[in-house]
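Please look over the sequence and the structure below before reading on.

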Amino acid sequence: MAARTSSGRLAASARDTGGFWATVQAVAIRKIAQLGEPVLRRVARPLSVEELKSAAIQTLIDDMIDTMRDADGAGLAAPQVYESVQLCVIEISKNPRYPDALDIPLTVLVNPVVTPDVKSSVAELAPEDSISMFEGCLSVTGLRGQVTRPRRVRVQALDRHGSHLDFAWEGVRASVVQHETDHLKGVLYVDLADSKSLTFLREYERYVPREERIVDRGAP
Ligand code: NI
């Protein structure tokens, strides 16, 4: 019996092993664009509600969730899978790439607008309004770099069914949602990182102390 994805297509990873379909989790993994791909620098276009409800976009959302989970990502934006539309998915659940981060439930954001919700200006963030985190990106393989961002944001978006979302996120969640929605503007975390903090993953594990990986001075 062929494994099928939730959308009914043959699973990309299912292998026919001598007439026997291996029992594998039905997944559809998309290729992830790497730093230098022009699609990562394009401003993504918004989706109409009608288009959002189309089979093509619903499949894209399912595939992005599968792709993010397969790669142990904390989030994935559509341009990272070569689709220049305003859509991203976020989830942290016992993530080996981010063992120090709290869990984030699976969140799908369409046409998101993220607004800083802190007292100081973004250009001159007060320490208590900022979070500094060593970020990574599935499109920048093997690298980490420290990015300082507002530690609290308001998120307005549509969910995958076209319903309006409006909520506040703080701490690591605020960093992650800013990172993902930056992708929709053609911005990558390496544009914002302190360049002297950039480190490959092996050196990050070796030299960046746990307490410096996520610094959230405003945390209650
Ligand atoms: Ni990224």
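Helices (H or I, at least four residues) and strands (E, at least two) are DSSP runs, and they are numbered from the N terminus. This is a predicted model, in which local features need pLDDT of at least 70 and side-chain atom pairs count only at pLDDT 80 or more, while totals for chains, interfaces and linings use all residues. Residues are numbered from 1 along each chain, as its sequence is written.

- Five strands form an open sheet in the order 3-4-5-8-9, and their pairing is antiparallel, where two strands count as paired if DSSP finds at least two bridges between them.
- Strand 3 and strand 9 (164-170) are the edge strands, each of which pairs on one side only.
- From one strand to the next the twist averages 40°, with axes taken as lines fitted to C-alpha atoms (for helices over the stretch in contact) and angles running from 0 to 180 degrees between N-to-C directions.
- Strand 3 (residues 75-77) is joined to strand 4 by three bridges, the two running antiparallel, and Gly75 has Ile90 as its bridge partner in strand 4.
- Strand 4 also pairs with strand 5 (residues 104-116) in the antiparallel sense, over five bridges, and here Leu87 stands opposite Val110 of strand 5.
- Helix 2 (residues 55-70) lies across strand 3, strand 4 and strand 5, and runs at about 35° to strand 4.

- Strand 7 (residues 140-150) pairs with strand 10 in the antiparallel sense over two bridges, and Arg144 stands opposite Thr199 in strand 10.

- A residue is called buried if 20 or more other C-beta atoms lie within 10 Å of its own, exposed if 12 or fewer do, and partly exposed in between, with C-beta atoms placed from the backbone.
- Strand 4 (residues 87-92) is mostly covered, as five of its six residues are buried.
- Leaving aside neighbours within four places in sequence, Cys88 is in contact with residues including Gly75, Leu109, Glu180 and Leu184, contact meaning that the C-beta atoms, placed from the backbone, lie within 7 Å.

**Individual residues**

- Asp182 belongs to helix 3 (residues 172-183), and this residue counts as buried because it has 20 C-beta neighbours inside 10 Å.
- Asp182 and Ala77 are 105 residues apart in sequence, yet 9.0 Å apart in space, C-alpha to C-alpha.
- Asp72, in the loop between helix 2 and strand 3, has a positive phi of about 55° although it is not a glycine, and with 13 C-beta neighbours inside 10 Å it counts as partly exposed.
- Asn111 lies in strand 5, has a phi near 50°, a positive value in a residue other than glycine, and is partly exposed, with 18 other C-beta atoms within 10 Å.

Definitions and conventions
Contact = placed C-beta atoms within 7 Å.
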